[in-house]
Every structure is written in structure tokens, then in C-alpha cells.
Amino acid sequence: MSELFELSLCEVRDLIRSGNAGAEDVTRACLGRIDATEPSVRALLARRDEDALEDARRMDRERPADLSDKPLWGVPVTVKDALSTQGMPTTAGSRILEGYMPVYDAFAVQRLREAGAVILGKNNLDEFAMGSTTENSAYKTTHNPWDLQRVPGGSSGGSAASVAACQCFASLGSDTG
């Protein structure tokens, strides 16, 4: 099942819904892919491996009979670090916000959780989302996983690179411009 990360969002959602894969299986596949690709892609600023695995285990145990209102049940995703995520550092790619831990989720993150998504981590971005290459983060430069000599775009380059590297099945970004 190590190739689970290669499936589309709809394919993995259907596998989980059918019971042919568990949320924990899919989450472990994505975390393994992050381990393999992150040293070169550099898409993530924060990871929540153990919490994500616990969320996935809970989803496998407490799976409701009707998932019609949970379209992302058990699907691993990432979130641009400009969006407040309760209990996770939110820096907007800036050292000014280093150490900031929001006590609430941004509405979009709240909706992801309500839909049943498993949040794996927070993605790199141009500082305060002001840039177009994801080379202007205070923390690191994100690389395009298809060609490490190129940029992934920006300011949501970490989110784009995370999806393109098959680290997750979807990621929230934003359009500052």
C-alpha cells in the first residue's frame, strides 16, 4: 500500500469509504512520502505526524455509517501557513510570528476538519504571502518537485509543491493578489 500517495483525491476517498484502505494507512503513506521528498522539496514549515496519525486512527475507529456530509473523511491534506490552525505554529513565513500558536482555526481550516480531512502540516510561503516564487520565506526556499532547479510559484508554492510531490491529496493556498 505504499503507492497510496499516487492516487487522486477522489480515488483515495473512495478507497477509504469502501473500507479497502483505512485513514491510518493513507496517512502513513503520505507521511512516508513527506519523509522521502521533503529534504529536497522543502514544502513544509510544520508537521503534525503523531497528531495526524491519532486523528486517522480515531477516524478508522469512529467511522460513521453515513459519510455524505464528510466528503474528505480520512483524506490527508496540508494548509498554507498563512491560515490559523489551532494548536499548530502559524508564522506566515515570517520570523515576526515565530512561536505564535493560534487558539482557533481559520474558517477554511474549520471547514476542512468538518469535512473529515486529516491535516498533516503547514506549508511554506513567501513571507506574509507577498511574493510569487516561494523564495522569500524567512525559513527556507521551496523547490518545484518536478524540477528542483525551478520555483513552484507563489505565494502558495509550498501548498502547490506539497500536492505535486504527492505529500498530500489537497492543500489550501490563497490568492493574495
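Student: Is E54 buried, partly exposed or exposed in this model?

Tutor: The model is predicted. Partly exposed covers values between the buried limit of 20% and the exposed limit of 50%. E54 has a relative accessibility of 37%. So E54 counts as partly exposed.

Student: Which residue meets E54 in a salt bridge at 3.5 Å, N to O?

Tutor: Side chains of opposite charge can pair when their charged atoms come close. A salt bridge needs a nitrogen within 4 Å of a carboxyl oxygen. The N to O distance here is 3.5 Å, and the partner of E54 is R61.

Student: Is R61 buried or exposed?

Tutor: Exposed means over 50% relative accessible area. R61 has 57%. Therefore R61 is exposed.

Student: Are D55 and R48 buried or exposed?

Tutor: D55 and R48 form a salt bridge, with the closest N and O atoms 2.9 Å apart. Buried means under 20% relative accessible area. Both D55 and R48 are buried.

Student: Where is I96 found?

Tutor: I96 is exposed, with a relative accessible area of 68%. With F128 and M130, I96 forms a nonpolar patch on the surface. I96 is found in the loop between β2 (76–80) and α4 (107–114).

Definitions and conventions: Residues numbered from 1 in each chain as written. Predicted model: local features only at pLDDT ≥ 70, side-chain atom pairs only at ≥ 80, totals over all residues. Heavy atoms only, no water. Patch = residues over 30% accessible without salt bridge, like charges linked within 9 Å, V, L, I, M, F, W, Y side chains within 5 Å. Areas by Shrake-Rupley, 256 points an atom, 1.4 Å probe, with all protein chains shown as cover. Salt bridge = Lys/Arg side-chain N within 4 Å of Asp/Glu carboxyl O. Helix = DSSP H or I, 4+ residues; strand = E, 2+ residues; numbered from the N terminus. Buried < 20%, exposed > 50% of the residue type's maximum accessible area, 1.4 Å probe, protein only.
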